[in-house]
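Here is a protein model to explore together, one step at a time. Have a look at the fold before reading on, and keep it in view as we go.

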Amino acid sequence: DYAEQQWAVSLRTAHYGRTLAGMLNLDQERCYCAGLLHRLGDLALLRSLEEWQQAGGELDTQAIDASLSEFGAAYGSALRTRWRLPLELRELIAAIYHLGGGVYSREALVMNLAAQVANLESEEGIAEVAGGKTARLLRVGMSQLSQLIDKQ
């Protein structure tokens, strides 16, 4: 169940990223790839936890949640570095989690916004996302975000 949830978020982020990139005439394939790969660490960690459980180890939901929270993103970052993914792609993936200080590429903003939309519990939060810094910087409004969700 955990892996299915992680994969679903990755897939939604990838689709939203590609669609937003298309709306803004940016690199759709790179944004799609960043969305797919951003939960790589969580999925790899879940696989390791599953193997440990199959070998007789005990796990509960609290232990799984704590492991994902503490190690998932860092593990994914280490894997992407080890696999020597292009820096531009790793930067887009990092933008999904947070925007640091400084100047942002439009693609980084797209991926951050795509993740915000993908992580919404319901469409009710779309107004807050539309009023946020990322949407304002991209000049993406409520109607465009609603349209984005409707396409899924």
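Let us begin with Lys 133, which is found in helix H8, residues 133-138. A helix here is a DSSP run of H or I with at least four residues, a strand is a run of E with at least two, and both are numbered from the N terminus. Lys 133 is partly exposed, because its relative accessible area is 46%. The cut-offs are under 20% for buried, over 50% for exposed and anything in between for partly exposed, with a 1.4 Å probe and protein chains only. Along the chain, Lys 133 and Leu 85 are 48 residues apart, and 28 Å separates their C-alpha atoms.

Before going further, a word about where these values come from. This is a predicted model, in which local features need pLDDT of at least 70 and side-chain atom pairs count only at pLDDT 80 or more, while totals for chains, interfaces and linings use all residues. Residues are numbered from 1 along each chain as its sequence is written, and side-chain values use heavy atoms, with hydrogens and water left out.

Now step back to the whole chain. How many helices and strands does the protein chain have? There are nine helices and zero strands. The radius of gyration of the protein chain is 16 Å, close to the 15 Å that the globule rule gives for 152 residues, so the chain is as compact as a globular protein of that length. This radius is taken over C-alpha atoms, and the globule rule is 2.2 Å times the number of residues to the power 0.38. Along the principal axes, the C-alpha atoms fill a box of roughly 50 × 35 × 25 Å. Of the 152 residues, 39% are buried.

Next, turn to the inside of the fold and find Thr 13 in helix H1. Is Thr 13 buried or exposed? Thr 13 counts as buried because its relative accessible area is 0%. A polar atom of the Thr 13 side chain lies 2.8 Å from the backbone oxygen of Val 9. Leaving aside neighbours within four places in sequence, Thr 13 is in contact (heavy atoms within 4.5 Å) with several residues, including Gly 35, His 38, Ile 96 and Met 111. Contacts can also be viewed across the whole chain: among those between residues at least 6 apart in sequence, 65% join residues at least 24 apart.

Glu 29 is classed as exposed because its relative accessible area is 62%. Glu 29 and Ala 14 are 15 residues apart in sequence, and their C-alpha atoms are 9.2 Å apart in space.

Finally, look at two loops. Asn 25 lies in the loop between helix H1 (2-23) and helix H2 (28-37). Asn 25 is not a glycine, yet it has a positive phi of about 60 degrees. Asn 25 counts as exposed because its relative accessibility is 71%. Arg 84 sits in the loop between helix H4 (61-82) and helix H5 (87-97). Arg 84 also has a positive phi in a residue other than glycine, near 55 degrees. With a relative accessible area of 74%, Arg 84 is exposed.

Methods. A polar contact is a pair of N or O atoms within 3.5 Å; within protein, one must be able to donate a hydrogen and the other to accept it, and residues adjacent in sequence count only if both atoms are side-chain atoms.
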